[in-house]
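Grab a pencil and have a look at the structure first.

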Amino acid sequence: MSKLAAAGVGPPGWADLPRDLLESVLGRLPVPDRLRFPAVCTAWQSAASAPGSAAPQSPWLMLPFKPTARRGGGGGGDAKFSEARFLSLAEGRAYAIRQPAPAASDRLCVGSSPDGWLVTADARSELQLLNPVTGAQVQLPPVATLPFVDASRGADGRVASYDLQCCFTDDGCDDEVLIPPETLAPDRLRYEVYEKAVIVSAPRRAAPSGPWVGYAVLLICQPLSRLAVARAGDTEWTLLDTPARCWVDAVRAATADGPTQRRAVYTMDAAGRVEAWDMDATPAASRAIGPPCCCSARACAMSAACRRYLVELAPGHLLQVHRVRGAAHARYTWEPLPERVEYTTTNVELFEWKAGADARDLPRWTQVDCKSSSRVLGGRALFLGKSTSLCVPVDGGGCCPGLRGNCVYFTDDGPWSHERCHEVAPDVGVLDLADGSYRPPRGAARDLLWKWPPPVWVFPSLAD
């Protein structure tokens, strides 16, 4: 009989593994296995909750649903519509994760953040913050609190329709000229109003079972691509600007603005002008930091199919990306309606901006050619679409394995309509800036034949 047995002590078990070994194993697991890791025992749960255990993960692509799927009828059909499918770029493998109500199949994603959170619009066109990995969810203020949206309710109190007011300002007078509002079904408003949502700061809990605090969401919304903000505790959306600007993208500053840790956001309009906003000021205050940016003659000629994105490479170092697309309907013998035109990304143009020594100066944008793109990106990858515009380190930088440096990962982001979202295959792929080659994300070719909901990049996180 061994000394351990004589002493009544069993052999070492899984719970006895060294803490540093557990943390090392945890850092190498894909997100679905990380979710299961804490359930093994209390020692593993402690390792999973340790500071720094939620290391950055390689991005996911939220995939559309199969067009042949049907609700009900047994066989777990309804359960399938409560699951969202995500393609791991590192593994080339798709995962299905159960989501909280409302059903994942009814949601349209209009924004995401590097913290793992999405902004989704449900079938009533109401917005939620959602962590698709943990299932955490935060309801945002009603869409009817936007000053240009009115809700009509039925006898049961539910929204029956929305009236969307389109306001225009005549340069010759100060009065707003109104046209009759457009009446929309509850599920159609989301296509007309939401351009993009930017999560300025992610939700966090004040206590384990306490309310969500600390979050703020910036919304680019129609008409006229205006800015609205909602912060933790708000019951309505607040407009930040006037109709004189047409905003196309926004990105939160990677670092806090000074020792006071104030939240800052950069916004860009259709002319390429950039402003910096102090989101903690009341009301939010902005200042111009970047002048207009002129794209090439080719991009200007295709302005209807050219979209602009703003990326922060480092504090005081911005990148403007012009995504040039061509209409891919040459195989048709007729001209399709605009909402059914398929666009394919053909090229991107990059423009670099660095803050000057004098804050009163507005440094100009400098175009970056293909040979210089690797210098500017530093071997990182760009992610563009309805998700936050982001520059992500690749595996060589100690983060996000499976990505290719000096590439642009893009998803379809418009022009969206109900018809286009259900009838046009999305424009999703990877563009190599070195040789101009294009390919679909590994493992996604079949899934991208499907259409709803439009795919979006997700940056998974287990942190709430």
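Two notes before you start. This is a predicted model, where local features need pLDDT of at least 70, side-chain atom pairs count only at pLDDT 80 or more, and totals for chains, interfaces and linings use all residues. Residues are numbered from 1 along each chain as its sequence is written, and side-chain values use heavy atoms, with hydrogens and water left out.

**Exercise 1.** Find which residues of the largest nonpolar core touch the most other members.

Step 1: Recall that a nonpolar core is a set of buried Ala, Val, Leu, Ile, Met, Phe, Trp, Tyr and Cys residues joined through side-chain atoms within 4.5 Å. Buried means under 20% relative accessible area, exposed over 50%, and partly exposed in between (1.4 Å probe, protein chains only).

Step 2: Among the 34 residues of this core, the answer is Leu127, Leu129, Val149 and Trp237.

**Exercise 2.** Work out which parts of the chain the Asp249 and Lys196 pair ties together.

Step 1: These two side chains form a salt bridge at 2.9 Å, N to O. The term means a side-chain nitrogen of Lys or Arg within 4 Å of a carboxyl oxygen of Asp or Glu.

Step 2: Asp249 sits in strand S19 (residues 247–252) and Lys196 in strand S13, so the pair ties together parts 53 residues apart in sequence. Strands are DSSP runs (E, at least two residues), numbered from the N terminus.

**Exercise 3.** Is Asp269 buried or exposed?

Step 1: Asp269 has a relative accessible area of 1%.

Step 2: That makes Asp269 buried, while its salt-bridge partner Arg273 is partly exposed at 35%.

Methods. Helices (H or I, at least four residues) and strands (E, at least two) are DSSP runs, numbered from the N terminus.
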